[in-house]
Amino acid sequence: MKIKFCGGTEEVTGANYLIEYKDIKFLIDCGLIQRENVCEIENFEDFPYNPEEIKFVLITHAHLDHIGRLPKLFYDGFKGEIISTLPTKDLAKEILLDANKVIYEKCKNLNLNVEKIYNEETVEKILNKWRTVNYHEIIKIEDLEIEFFDAGHILGSAFIKIKDENKKVVFSGDLGNIDPILKPTEPLPNCDYLILESTYGDRFHENLENRKDILEDIIENTIKEKRALIIPAFALERSQEVLYDIVDLIENKKVPEVKIFLDSPLAVRIFRIYDKYPEFFNEEAKNFFVHRDLVDLNYVEIIYEAEEFYKIVNFPNPKIIISSSGMLQGGRIINVIKNFIEDEKTTILFVGYQTKGSLGRKLLEGAKEIYLDNEKYNVKAKIEKLLSYSGHKDQKALIDWIFPRRFEIKKIYLVQGEENAKRVLKFKIQDYLGINVEIPYKNQEIDL
Ligand SMILES: [Zn+2]
């Protein structure tokens, strides 16, 4: 078995791994490269393989940095199948359709054939070629056995085990943190080689155990001081998690009822997909959702059209506004920020990682003034963070996950992390678990 690390080596995003086995070639993930921009120009460059020769693509989960180059793969001649869990397919449809708009907006002036690659027709074509599998259903291809395990990262997410005659390889995809809705990550099965994500390889989640208590305090303050609480959150997973925790606090009378605006049509569409798959939830969440539909509660109001934004502005404090994108890199949240950031009665609560260069990062680092559409805004709002709502395992959780298999694993390859995260995690694994670790470079090939 040969593996080529075609993406996900230099950064967290752009996961793309080519596997050659006997006379078949297939991929694991085909993700968009995203740094400060939603979409980098490299995404339109040729793949380091011929897409026509690829038989199939295994998809770990529906985040754009794992599926966002599928349209390009089809455009370049791929004719095989996509394989994933059923929720991943459903979510991928919404994420790809939404990406069409965003990528077109960002790249339309670059002469890159964007509209020919990212359009509804291509998404349709991709979905027609998309086959679904259950966790633990074994797919047999020649002498290979492929198995999906629950990664607990987002709905339907998987880590994937590939077994040939004499070895087993696991691709971690992204591995979930403690999630209010989903089941925890399944234990790592016996394997010889592990391709491991390292997003939080050098960090520890603060306040992981008591994040809901902190959220409770922040909401209590919002109500007592009649504030507007703005929570920028990604439409997929983070919006669902945060809204679920807030509603749970209200329904259990830990905090008084308060108006919540969900200012993200994509998040609502994703909620509808969640509704279809309660068997993927943990017991507590399953019981909760049997009795309630989060987006139909009378104190939760959905803002479908951008023109309805006045409803948020006109509603008197206290109120909570959940809007995306999570790092303030565009989307509805920009309008929210423009309207509320100069008001001392506003709290902005960050619940996820803010990448370098993003507006979210600047605010977290204490910026006193910011520019939006060339207009200056003074930051009067109070900035708070609760970053342990992250969807990724931190260093400790990664080590704990590998620990039971430390005598079986021959080597670990670190991917999907920034330079420092990989370096720190490498030493930690070597030191503490005694496993050999390599950090592959872009397009490196290894023979297993
Ligand atoms: Zn992910």
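Leu 243 counts as buried because 23 C-beta neighbours lie inside 10 Å (buried means 20 or more other C-beta atoms within 10 Å, with C-beta atoms placed from the backbone). The model is predicted: local features need pLDDT of at least 70, side-chain atom pairs count only at pLDDT 80 or more, and totals for chains, interfaces and linings use all residues. Residues are numbered from 1 along each chain as its sequence is written.

**Leu 243**
- Leu 243 sits in helix 7 (residues 238-251); helices are DSSP runs of H or I with at least four residues, strands are E runs of at least two, and both are numbered from the N terminus.
- Beyond neighbours within four places in sequence, Leu 243 contacts Leu 262, Leu 294 and Ile 322 (contact: C-beta atoms, placed from the backbone, within 7 Å).

**Domains**
- The domain assignment, automatic or from a database, gives domain 1 (2-203 + 391-447) and domain 2 (211-389).
- Domain 1 contributes 19 residues to the contact and domain 2 contributes 21.
- The C-alpha centres of the two domains are 28 Å apart.

- An open sheet of seven strands has the order 7-8-9-10-11-20-21, with mixed pairing (strands pair if DSSP finds at least two bridges between them).
- Strand 7 (139-141) and strand 21 (436-438) are the edge strands, each pairing on one side only.
- Strand 8 (residues 144-150) and strand 9 (residues 158-163) pair antiparallel over six bridges.
- Glu 145 has Lys 163 in strand 9 as its bridge partner.

Technical notes
Two residues are in contact if their C-beta atoms, placed from the backbone, lie within 7 Å. A residue is buried if 20 or more other C-beta atoms lie within 10 Å of its own, exposed if 12 or fewer, and partly exposed in between; C-beta atoms are placed from the backbone.
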